[in-house]
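Let's take a friendly walk through one protein model. Have a look at the sequence and the 3D view below, and keep them at hand as you read.

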Amino acid sequence: MVQLIVAMVLFFIMMFGIGFILNMLMKTTWFPIYLFIIVLLPLMIWGTWDKSITFSENFTSFTFVDVLPAITALVGAYVSGWTIQALRRGGYKMF
């Protein structure tokens, strides 16, 4: 259980940091969320895919331990976009 909490915090911080940097460099507010959904989620699913079982069994084999860090990473990407947007509204032009 401790490992799950640590993984969730790390994934949140990692995606927040990557999203924040991407937002500053590319000046696109919600790009990290799109990147996460289009690239990282399929990579996670493909990496854990077992070819010896059926399609439906592959998706039902994911547990909350697999899903919770992915959800917290998505939340981190969203929070980074929200933070950049709030900084831009606050008058920070470099963001």
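## A buried residue to start with

I84 has its place in helix α4. Helices here are DSSP runs (H or I, at least four residues), strands are E runs of at least two, and both are numbered from the N terminus. I84 counts as buried because its relative accessibility is 0%; buried means under 20% relative accessible area, exposed means over 50%, and partly exposed lies in between (1.4 Å probe, protein chains only). Computed along the sequence, F20 is 64 residues from I84, yet their C-alpha atoms are 7.0 Å apart in space.

This is a predicted model, in which local features need pLDDT of at least 70 and side-chain atom pairs count only at pLDDT 80 or more, while totals for chains, interfaces and linings use all residues. Residues are numbered from 1 along each chain as its sequence is written, and side-chain values use heavy atoms, with hydrogens and water left out.

## How α1 and α2 pack

Two packed helices are described by the angle between their axes and by the distance between those axes. Helix α1 (residues 2-26) packs against helix α2 (residues 31-47) at an angle of about 120°, and their axes are 9 Å apart. The axes are lines fitted to C-alpha atoms, for helices over the stretch in contact, and angles run from 0 to 180 degrees between N-to-C directions. The two helices are therefore oblique to each other: angles under 35 degrees count as roughly parallel, over 145 as roughly antiparallel, 65 to 115 as roughly perpendicular, and the rest as oblique.

Which residues meet here? From α1 come M15, G19, L22, N23 and M26, and from α2 come F31, P32, L35, F36 and L40; contact means heavy atoms within 4.5 Å. By class, this contact has eight nonpolar, two polar and no charged residues. Ala, Val, Leu, Ile, Met, Phe, Trp, Tyr, Cys and Pro count as nonpolar, Asp, Glu, Lys and Arg as charged, and the others, Gly among them, as polar.

## The largest nonpolar core

Six residues make up the largest nonpolar core: M15, I33, F36, A70, A73 and A77. Such a core is a set of buried Ala, Val, Leu, Ile, Met, Phe, Trp, Tyr and Cys residues joined through side-chain atoms within 4.5 Å. Two or more residues come from each of α2 and α4 (64-89), and α4 gives the most, with three.

Leaving aside residues up to four places away in sequence, I33 touches L74, A77 and Y78.

T72 is found in helix α4, and at 14% relative accessibility T72 counts as buried. A polar atom of the T72 side chain lies 3.4 Å from the backbone oxygen of M8. Not counting residues up to four places away in sequence, T72 touches M8, F11 and F12.

Is L35, in contrast, buried or partly exposed? L35 counts as partly exposed, because its relative accessibility is 27%. L35 is found in helix α2 and touches L22 and L40, not counting residues up to four places away in sequence.

Key
Polar contact = N/O pair within 3.5 Å; in protein donor to acceptor, adjacent residues only side chain to side chain.
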